[in-house]
Every structure is written in structure tokens, then in C-alpha cells.
Amino acid sequence: MNTENLRFSELAPWYVNGSLNAADQAWMDAYVRNHAAEAQTELSAWGSLQTQAKQSVAPASADIGLAKALARIHAQKALRKSANPQPSALQRFSNWLFAGSNGGLAKFSPALGMALAVIAVQAVVIGKGVVSGPDYTQVRGAKKGLADGPLLRVNIKSDAKENQIRLLLIDSGALIIAGPTHLGDYYIKVAAERVEQTRSRFQTSEVVDAVSVVASLPEELVDQ
Amino acid sequence: MEFDNNKYLILLNKISAGDEAAFTELYKEMSRKVYAFALNRLHDPAQAEEIVVDTLHEVWKFPDRFRGESKFSTWLLGIARYKILNTYRSAEPDHDDLQDFEQTLVSADPDGFALLADKQRHAGVQDCMDKLSDEHRDCLHLVFYEGYTLGEVAEVQNVPENTVKTRLFHARQKVKNCLRNYLSREG
């Protein structure tokens, strides 16, 4: 194969798809004129592949997956909001009350101010108890129906933030059904056809130490 | 007609401010392109749709990563390719059956391909293209479905331009040999 043939062969697919620059295009035009039979054979071979490539993909709607993407975005927004909640009315009152020299108790005489302070502190303490409720975390087990596999056992890195874990779960459409265990394992469930895909996704996550597919939940984690 | 980079940069700027309408506009502009690319690789509409969502969600999360140095669509298909590799690579079948076709390699036959392709235009050519390796199939898709330049295909596939040339040559050769096999079976 001489230099001209070689150049023609290299440029042929780009000639067929119409993406050559002006100089190469002109060179190819001239070559095709001068070597019509040979050139046409080569070009029609590439043309067959082009035709097939264009026909091989079924048309899709521009909205494909859009609802899912927006739902994901909304879920993340909601998560961020819950991670950075607005101060409650009680909290705002408390902040105002103890604000510096420009506001709150500083406006009143020392005795009245002291009396109001005692009342206010009691109100805030009692109010917080009512609004917040108990704050504790416990090891959770799963109801029997949810414990059927396949499940993913995921070990989360110790320095992962809760927000990162939540985002990962929402991104994957995964549900924690048990954990964390004393070894730090979570058991999560996704649709059966997405187990492998989710496993791969978790494997590449920066907050995951290890992930494996398990047939079912360990007996001790199943709520009877 | 595809948007130009300036239009994408304007949309991305709005997206970085949390503008869902801008995201929706960009999504609708690019979704079919990403879907076609993913479907060509995965042959599974549900998985291809998932790749569309994942890829464009990445744009929502990190709109500032595109700086306009390349065509937006090649940048985006590069992300899609990465998502496919990360999510489905373990599930991808090998295409060792092409080894059979290699045995009948006849590269010196000048008009064999056209004749063969003509006779087997639809089912045969498609079947042979489906049997190509992922990289070869991607390459043909980017060249002939997207109409990309050599440099753009190299960017999406994240390889040097010479590798793209080699892939194209081999893809063509393999399809040709595959078609030859078809014909010989037909007698």
C-alpha cells in the first residue's frame, strides 16, 4: 500500500461521515475522481456501516428518564434542607432573648431582666423537650418480609458523614433494612434486577469500605 | 440543530444556581444522544435509561466542570462512557466469538465487503456489529451515528487518535469477516 492509498484509507470513514476539514476533503475529492472504482468500493463499505449505525438505535423520547432525574434532585434538596434546618420559633425567640446589647433582655432594668431571664430559660428548656423528643440511635432489625434476599451488606467508612450516606442511598434507590451492626455493617435492599448495578456503584463510592451480595439477612437481625 | 457551547454554558450557569428549568432544557437536548450511546453499548433499554439519568444528574451536581474547552456533547458522552464502565462492566459479556471470524480474515479482497454488505444489508450487518467488542462498537457509533471528528471520538473514548484509527480499521475488518462467514454458511 503506497502513501496515497494509506492516506485514503485513513480518511475514508471521516469522508463518509462528513467531518473532514476543507484541505482533507479536497484531497479526498481529487483521489476519488482519480481512482473511482477502488475508492467507491472502500467508501461503500464504510457507507454500509454508517447506514446500519444510524438504523440500529430505536428513537427515544427527549423526556426519557427526566421524571426520575428530577425526583432525584428533589430528594437531594429535601435532604440538604433537613441537614440544615431553619431555626424554630422557640430557637429564634431564645436567640433574640440572649442577644447582645442591642436587643432582648438588655432593654429591661436589671431586676426585671433577671426575672424574665429565669422565666425564659425555663420556657426554652421545657419547650425544647416537647419539640425535640428523645434523641437516640439504636441498632435496627428488619421485619421478616424485608429480610428475603438478595441483599447488599455494606460496610461504611468510619469517617463517612451521615449526609453522604443518605445521598448514596437516595442515588441508588436503596433502603436500609437493618444495621448498623456492631461491626458497622448495613443491610440494604434494592429491586432484584438492580442488585448488581447497585453493588458496582457502592464499590466505587468514597464512603464505602466493602460491599457484598448476601442471600438473606442474618437470623439475629430479623424481627420476629 | 444542536446547541453551541455558549448556549450550554449559559444553561450550566443557571443550573449551578439551582435552576431546574434550565436543567430540564439541557436534559431534553441531550437525553437522546446519551440514550443512543448507552443503548448501543448495553442493548438494554432500562439500563440505557438509567445511564441517561446518572449522566445528566452528574451535570446537575457539577455544572462547573464543563469549561467549554471541548464540544459539550463529547464531554457528556465521556461521562456516560465512564458511568457505563463503572456500573455495568462486570455484567458485560465477552465477545470471544469474534475469534472465529478472525480465522477467515481476507484483508486483500478489494470488493468483498461491499458485495457482502449488500447481500446482508440489514440483519447480517447489524448482527456482525453487535458482535464487535465494546470499544469497536462505540467507535462506529461515534463516527457514524454522531458524525464526530477523529479528535472528538478520541476524546470520548479517552484514547490517542491513532488508537481510534486502529479500532476503526479492525471493526471494519471484523464485520467484513463476519459477513463472509454468513455467506459461506448460506453457500
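H1(A) and H3(A) are oblique to each other, since their packing angle is about 50° (under 35 degrees is roughly parallel, over 145 roughly antiparallel, 65 to 115 roughly perpendicular, and the rest oblique). This is a predicted model, where local features need pLDDT of at least 70 and side-chain atom pairs count only at pLDDT 80 or more, while totals for chains, interfaces and linings use all residues. Residues are numbered from 1 along each chain as its sequence is written, with chains lettered from A and ligands numbered from 1 in the order in which they are written. Helices (H or I, at least four residues) and strands (E, at least two) are DSSP runs, numbered from the N terminus.

**Helix packing inside chain A**

- Helix H1 of chain A spans residues 3–17 and helix H3 of chain A spans residues 36–55, and their axes sit 9 Å apart. Axes here are lines fitted to C-alpha atoms, for helices over the stretch in contact, and angles run from 0 to 180 degrees between N-to-C directions.
- On the H1(A) side, the contact uses Phe8(A), Ser9(A), Ala12(A), Pro13(A), Tyr15(A), Val16(A) and Asn17(A). H3(A) answers with Ala39(A), Glu42(A), Leu43(A), Trp46(A), Gly47(A) and Gln50(A). Contact means that the C-beta atoms of two residues, placed from the backbone, lie within 7 Å.
- Sorted by class, the residues of this H1(A)–H3(A) contact are eight nonpolar, four polar and one charged. Ala, Val, Leu, Ile, Met, Phe, Trp, Tyr, Cys and Pro count as nonpolar, Asp, Glu, Lys and Arg as charged, and the others, Gly among them, as polar.

**Where chains A and B meet**

- Chain B puts 43 residues into the contact and chain A puts in 34.
- On the chain B side, at least two residues each come from H2, H3, H4, H6, H7, H8 and H10 of chain B. H2(B) has the largest share, at 10 residues.
- That side of chain B has 24 nonpolar, 11 polar and eight charged residues.
- H3(A) also packs against H8(B), at an angle of about 95° and with the axes 9 Å apart. The two helices are therefore roughly perpendicular to each other.
- Leu49(A), Gln50(A), Ala53(A) and Lys54(A) of H3(A) meet Leu140(B), His141(B), Phe144(B) and Tyr145(B) of H8(B). By class, that makes five nonpolar, two polar and one charged.

**The sheet of chain A**

- Four strands of chain A form an open antiparallel sheet in the order E3-E4-E2-E5. Strands pair if DSSP finds at least two bridges between them.
- E3 (175–178) and E5 (208–216) of chain A are the edge strands, each pairing on one side only. From one strand to the next, the twist averages 40°.
- E2(A), residues 148–156, runs antiparallel to E5(A) and is joined to it by seven bridges. Val154(A) has Val211(A) of E5(A) as its bridge partner.
- Helix H8 of chain A (residues 195–203) packs on the sheet and touches E2 and E5 of chain A, its direction making about 160° with that of E5(A).
- Four bridges link E2(A) to E4(A), again antiparallel, and Asn155(A) is partnered with Asp185(A) of E4(A).
- E3(A) and E4(A) pair in the antiparallel sense over three bridges, with Ile176(A) opposite Ile188(A) of E4(A).
- Five of the five residues of E4(A), residues 185–189, are buried, so this strand is largely enclosed by the rest of the structure. Buried means 20 or more other C-beta atoms within 10 Å of the residue's own, exposed means 12 or fewer, and partly exposed is in between, with C-beta atoms placed from the backbone.
- Both faces of E4(A) are covered: Asp185(A), Tyr187(A) and Lys189(A) are on one side, and Tyr186(A) and Ile188(A) on the other.

**Chain B on its own**

- Chain B has 10 helices and zero strands. Of its 187 residues, 43% count as buried.
- Among contacts in chain B with a separation of 6 or more, 71% are between residues 24 or more positions apart.
- In H9(B), residues 150–157, the buried residues include Glu152(B), Val153(B) and Ala154(B). Just after H9(B), Asn158(B) takes a positive phi of about 60°.
- Tyr182(B) lies in H10 of chain B and counts as partly exposed, with 18 C-beta neighbours inside 10 Å. Tyr182(B) and Cys128(B) are 54 residues apart in sequence, and their C-alpha atoms are 9.3 Å apart in space.
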